[in-house]
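Notebook open, model loaded. I want to jot down what I looked up, one spot at a time.

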Amino acid sequence: AEQFKMQEALEILGIKPINDGSSTGSEWFSNGELIESYSPVDGQLIGKVRTTTKEDYERVMEKATTAFKTFRAMPAPQRGEIVRQFGNKLRELKEPLGKLVSYEMGKSLQEGYGEVQEMIDICDFAVGLSRQLNGQVIPSERPGHVMREQWHPIGVVGIISAFNFPVAVWSWNTALAWICGDVCVWKASEKAPLCSVACQNIIADILKANGLPEGISCIVNGDYRVGEMITSDTRIPLVSATGSTRMGRIVGAKVAERFGKSLLELGGNNAIIITPTADLKVVVPGAVFGAVGTCGQRCTSTRRLIIHESVYDKVRDAIVGAYGQIKLGNPLDEKNHVGPLIDTDAVNTYLAAIEKAKAEGGKVLVEGGVLTGEGYESGCYVKPAIIEAENHFEIVQHETFAPILYLMKYNGEVENAIDIQNGVAQGLSSSIMTNSMKEAEKFLSFAGSDCGIANVNIGTSGAEIGGAFGGEKETGGGRESGSDAWKVYMRRQTNTVNYSDQLPLAQGIKFDL
Ligand code: UN1
């Protein structure tokens, strides 16, 4: 029955057995080899997507650069209207799209729907923002002069996204880019290419119904070689890339080499500090959802718990106890909390990390392992593991995209916990569980967490789109979604206008002729 409903979802989303992977809107073409997309849920082939060749890419860029000239001239609130229609369409299609996300990527159905909800939320945010792309008026030191700042569309935005949020990350970028007057070229993860086809179908209908040209929303498909076409292309002033630190290092350098801008959203190594006054009713669901949600494959997933020694045993026992309640299995079945990892490579990485942690002296509190037998035929289902470890272990310093949670102790004051929390190369998300106002404020102060996201009494994952999302250090420094993240999708221009009959120079310089 599940299979039939999935077929129905695929039909609604316009997914065929074989799909072109390059599109400028309604036009689809592609001449590269095929990517086969297998579901980690049941190991079945869902569909194939043809990759983008250099010639296909040129065709895409031709349309994109031409479309930009039209789109940038459209008033921003009218562009907002397009995004409003897109958000409404997503409301209609939340169920089939959420299902496809869950089936192609393996996250729980609830989280699949949640991801589509994030798309809807960013659309709403962007619609309001389309009337607020405000610049400032700045007092000039010269009489009869005015200074102001304007924000202009930047051009073609390249988007490179990861498998773990196969639809939301695209929309965080596109919803803002579109209201800003930019056009987008998206390369989805080769591990979730059908999601890109589905999203492109949805937006293409809307652009067409509004009589807009081809090229405002484009997709390309393939591996890093297609990514390189984007990163090395001087016609693309901004590249937004989400993925591993390894990938970001390459993309960031490549884009910087040609003086492009990049928005990087890379690895995290997120911790929760659990203090003596922490409320266990909040700690347990916060830490467990953070660690095992999306099978530990969020960049915000909780990797480390830093627990005060005075409450260590109590917290450890409560978390270990809660792990006993987790239901693992088909993510399309709503009673399961955790689905599979993305593929068997990810399973091998997970197994190797557990071995490495043990070899470095880690003590396993909840055993990991691969699940076998009925319902687990894809070979991608693993048991969430808990390991007592030390922060300096090499494996702990490293982001493993899997449900492995490291427990460690701190003693004395909260500053010691903050040192441990900050003592990694990544800087995405962080939390403190405390009822002490002083501890909470210290954690949020300049001397506290060094992450882009710092929370009190909630976990590390599940950020709302209203805030700027991103992090420091090896996380890459980019911010997307809410707050003033829109500014990166525009170019800033400072204007000085003289409405006097004189030409006074700035800085008091006299230049008499
Ligand atoms: C990601 O894993 O790339 O905060 C993004 C969260 C989600 C986004 C995660 N809103 O967990």
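Why does Trp486 count as buried? I counted C-beta neighbours: Trp486 has 22 inside 10 Å, so Trp486 counts as buried. My cut-offs: buried is 20 or more other C-beta atoms within 10 Å of the residue's own, exposed is 12 or fewer, partly exposed is in between, and the C-beta atoms are placed from the backbone.

Housekeeping before I go on. This is a predicted model, so I keep in mind that local features need pLDDT of at least 70, side-chain atom pairs count only at pLDDT 80 or more, and totals for chains, interfaces and linings use all residues. Residues are numbered from 1 along each chain as its sequence is written.

Back to Trp486. I found Trp486 in the loop between strand S23 (480–481) and strand S24 (490–498). Helices (H or I, at least four residues) and strands (E, at least two) are DSSP runs, numbered from the N terminus. Leaving out residues up to four places away in sequence, Trp486 touches Leu129, Leu133, Leu176 and Cys180; contact is C-beta atoms, placed from the backbone, within 7 Å. I also checked Leu133 by C-alpha: 353 residues from Trp486 in sequence, 8.3 Å in space.

Next, a helix pair. I looked at H3 (residues 76–92) against H7 (residues 193–209): they pack at about 135 degrees, axes 10 Å apart. The axes are lines fitted to C-alpha atoms, for helices over the stretch in contact, with angles from 0 to 180 degrees between N-to-C directions. That makes H3 oblique to H7; under 35 degrees would be roughly parallel, over 145 roughly antiparallel, 65 to 115 roughly perpendicular, and the rest is oblique.

Who meets whom? From H3 I noted Ile82, Gln85, Phe86 and Lys89, and from H7 Ile202, Ile203 and Ile206. The contact residues split into five nonpolar, one polar and one charged. For the classes, Ala, Val, Leu, Ile, Met, Phe, Trp, Tyr, Cys and Pro are nonpolar, Asp, Glu, Lys and Arg charged, and the others, Gly among them, polar.

Then H7 by itself. I get 25 Å from first C-alpha to last for its 17 residues, close to the expected 24 Å, the expectation being 1.5 Å times one less than the number of residues. H7 is mostly covered, with 12 of its 17 residues buried; Ile202 and Ile203 are among them. Just after H7, I saw Gly211 take a positive phi of about 70 degrees.

Last stop, H2 (residues 54–71). H2 has 18 residues and spans 25 Å, close to the 26 Å expected. Its buried residues include Tyr57, Phe68 and Phe71, and the cover over the buried ones includes strand S8 (156–160) and helix H8 (224–231).

How values were computed
Two residues are in contact if their C-beta atoms, placed from the backbone, lie within 7 Å.
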